[in-house]
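Thanks for coming, everyone. Please look at the model on the screen while I talk.

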Protein chains: 2
Amino acid sequence: MPDRADWIPAAAAKQPLFAGVDLGGTNIKVGLVDDDGRTLAFHTEPTLVGKGPDDVCRRMGAGVHTVAGMAGVAPAAIARVGLGTPGPQDLKAGTIIRAGNLPGFDGYPVREAVSRACGLPVTFANDATAAGYGEFWIGSAREFGSSVLLTLGTGIGGGIVIAGEPLEGAHSHGAECGHNLVDPSPEARVCPCGMPGHLEAYCSAKALLKRARQVLDLAPGGSLARAVAGGAELTPLLVSREAAAGDGVALDLILEVARWLGIGIVTLMHTVDPDAVLLGGAMTFGGEEHPVGRAFLERIRAEVKSRTFPLLAERTTIRFALLGGDAGYVGAAGIARLEHQRLARPAAG
Amino acid sequence: MPDRADWIPAAAAKQPLFAGVDLGGTNIKVGLVDDDGRTLAFHTEPTLVGKGPDDVCRRMGAGVHTVAGMAGVAPAAIARVGLGTPGPQDLKAGTIIRAGNLPGFDGYPVREAVSRACGLPVTFANDATAAGYGEFWIGSAREFGSSVLLTLGTGIGGGIVIAGEPLEGAHSHGAECGHNLVDPSPEARVCPCGMPGHLEAYCSAKALLKRARQVLDLAPGGSLARAVAGGAELTPLLVSREAAAGDGVALDLILEVARWLGIGIVTLMHTVDPDAVLLGGAMTFGGEEHPVGRAFLERIRAEVKSRTFPLLAERTTIRFALLGGDAGYVGAAGIARLEHQRLARPAAG
């Protein structure tokens, strides 16, 4: 959640204003931002997906009015709303094709429903692409011309920005980097999507825990094994904590994730060749400030360096994302801003 | 070489005109094309790289004047020249960083030298990116909004076009897809670049021949083995010919290349999500017209289908490229045209 102390008053905002809505399986987040991406107001509430898509969309629309009210501006002062949702989507049609954690939304015209609910034009985006754009616009890649964000959470999402434009793809599947193939071998781990060898099967929180259970079943020594044997719940945080406390088994589990990430990142570098590769989400082990986060990042960089051209290893920035859970609404608002600017431009002769 | 019967007269050309220069280790190709990408004239000559970069660049510049003369137009009628060369390059600086088959060109200011030699502004591009743009503009992907070309030859090049723009990358390494990582295992084959597991180590002509020698060393039966034992030179064409004649060993070698290509293509689809993936170069086994080419393409499609989302498998076109050796000069001219249009546009307010 954005720090309220960082919010700017409406009088200081650069016009026009944009709202960003980030729809997740657990929470809806809505933010009002100005033309420089600075937040004026923020609102969050539980998605309560069981109430059905009509209700969820009505509340997303109401949330836009809520943040306008919090900032003391009329909803009509908002030039455009950006809506990010999980994929796969049909961005042109404005529908979610099939989202595992949003039952009832398959094929639902979510863009149109939110637009009707708030009375404003809505630009539709993939949530990871929105996060990637948020980091590009005002976050960890703000000084660059192109970037690739990998969001490491329960699953893995991707957001690619090239020459200032988010890459949506021809079939709304651009930057589905969690499903990039990193292991073609017959022994490859199976991704939650059902296919073998995808990055997500090696580097998501689920993948870490699955691998941890396999390793702990072999009954190694160490404090992670003892904690789990003593009844502690096996979570990425526990693995990270025990790694920080010096447990080699826990640290190896994390560094194995880093190795696979490095493998996936090399191919992204040789395809997109971005200025920066960013790592966000819960699976960043405390980030640069934390010894485990630092070891994780260093292992990724070392793996990349051993597998790419010296020039790219030297010049491509690999770092943690900055905006955390705010990247989605900020980026959705930013993508709405791009469409607003495009529509405002005179058509090419 | 473009069929002279397809050349259009200068009177039928749509203005402005562009020249495309394709610099290879063996030949220089120069074409004059109109605003619709139609060829007015074409010239080719040996590179004779031993004569040094000054001489080669002088002759590339002269080639531009040659095609203008062939078409009966003044060199000044050419709005801009596009120059494609092997990478890696520094596109902004206009230099080749290090090209294996162009000794003497390391760090040489090739863009400036060609521009001086022909007296025209020059846009600098990667040769595979130029070929990819040529196929996008008037070739196999001309009906699409985005495409990825893989050129399968001695090595493997890549050319990506997104929303009509060639992807150059932040460090001139965009679409270096031959170096995408397809096999992270310790047994991975080593790429000519020195790193293990890259696509080029599995799918180039060199890779096919290396693998064929390994297989033939195991002394299998079949007509390929007999031909080689009888003194025939092992070439991709021989492998293809024996596969067409019914030799299972030869066909398996080709289908193994197809399988690895499918693996590489899946990650390109999940990253870029293009409308079309195109396969060009010598390693296309006669293309769609030929039974081996068809089997090769079908095997690629089957591998992709087994590893991607049903929607992408259904909607992403995978086909052979159309322009052959002409794609490079056509695409270089097309990239020059893009820059010409950009410079002609009034700056955004």
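At what angle do α3(A) and helix α11 (residues 327-344) of chain A pack, and how far apart are their axes? The angle is about 85°, and the axes are 6 Å apart. Before I go on, a word on the source. This is a predicted model, where local features need pLDDT of at least 70, side-chain atom pairs count only at pLDDT 80 or more, and totals for chains, interfaces and linings use all residues. Residues are numbered from 1 along each chain as its sequence is written, while chains are lettered from A and ligands numbered from 1 in the order in which they are written.

Now some terms. Helices (H or I, at least four residues) and strands (E, at least two) are DSSP runs, numbered from the N terminus. Axes are lines fitted to C-alpha atoms, for helices over the stretch in contact, and angles run from 0 to 180 degrees between N-to-C directions. Angles under 35 degrees count as roughly parallel, over 145 as roughly antiparallel, 65 to 115 as roughly perpendicular and the rest as oblique.

Back to our pair. α3(A) and α11(A) are therefore roughly perpendicular to each other. Which residues touch? Two residues are in contact if their C-beta atoms, placed from the backbone, lie within 7 Å. From α3(A) the contact includes D127(A), Y133(A) and W137(A). From α11(A) it includes A327(A), V330(A) and I335(A). By class, the contact of α3(A) with α11(A) has 9 nonpolar, 5 polar and 2 charged residues. Here Ala, Val, Leu, Ile, Met, Phe, Trp, Tyr, Cys and Pro count as nonpolar, Asp, Glu, Lys and Arg as charged, and the others, Gly among them, as polar.

Next, the sheets of chain A. Two strands pair if DSSP finds at least two bridges between them. One open sheet has 5 strands, in the order β3-β2-β1-β4-β7 (chain A), with mixed pairing. Its edge strands are β3 (39-46) and β7 (122-126) of chain A, and each pairs on one side only. Neighbouring strands of this sheet are turned by 15° against each other on average, direction ignored. Look at strand β1 (residues 17-23) and strand β4 (residues 78-85) of chain A: they pair in the parallel sense over 6 bridges. There, G20(A) has G82(A) of β4(A) as its bridge partner.

What lies across this sheet? Helix α1 (residues 53-71) of chain A lies across β1, β2 (27-33), β3 and β4 of chain A, at about 40° to β2(A). α3(A) lies across β1, β4 and β7 of chain A, and runs at about 100° to β7(A).

There is another open sheet of 5 strands, in the order β10-β9-β8-β11-β12 (chain A), again with mixed pairing. β10 (165-166) and β12 (317-320) of chain A are the edge strands. Helix α3 (residues 127-138) of chain A packs on this sheet too, touching β8 (146-152), β9 (156-162), β10 and β11 of chain A. The direction of α3(A) makes about 50° with that of β9(A). Strand β11 (residues 276-280) of chain A runs parallel to β12(A), joined by 4 bridges. One of the partners is T317(A), which pairs with A276(A).

Now the two chains together. How is chain B laid on chain A? A turn of 180° and a shift of 0.0 Å along the axis give an RMSD of 0.0 Å. That is the relation of a two-fold axis. The copies are superposed by least squares on the C-alpha atoms of residues with pLDDT of at least 70 in both. The same surface serves both copies, since 100% of the contact residues of chain B recur in chain A.

At the interface, 36 residues of chain B are in contact with 36 residues of chain A. On the side of chain B, α8 and α10 (310-315) are the elements that give two or more residues. α8(B) gives the most, with 6 residues. That side divides into 18 nonpolar, 12 polar and 6 charged residues.

Last, some backbone details. The peptide bond from Q15(B) to P16(B) is cis, with omega near -5°. P16(B) sits in the segment before β1 (17-23) of chain B. Another cis peptide bond joins G87(B) and P88(B), with omega about -5°. P88(B) is in the loop between β4 (78-85) and β5 (89-90) of chain B. In chain A, phi of A175(A) is near 60°, a positive value in a residue other than glycine.
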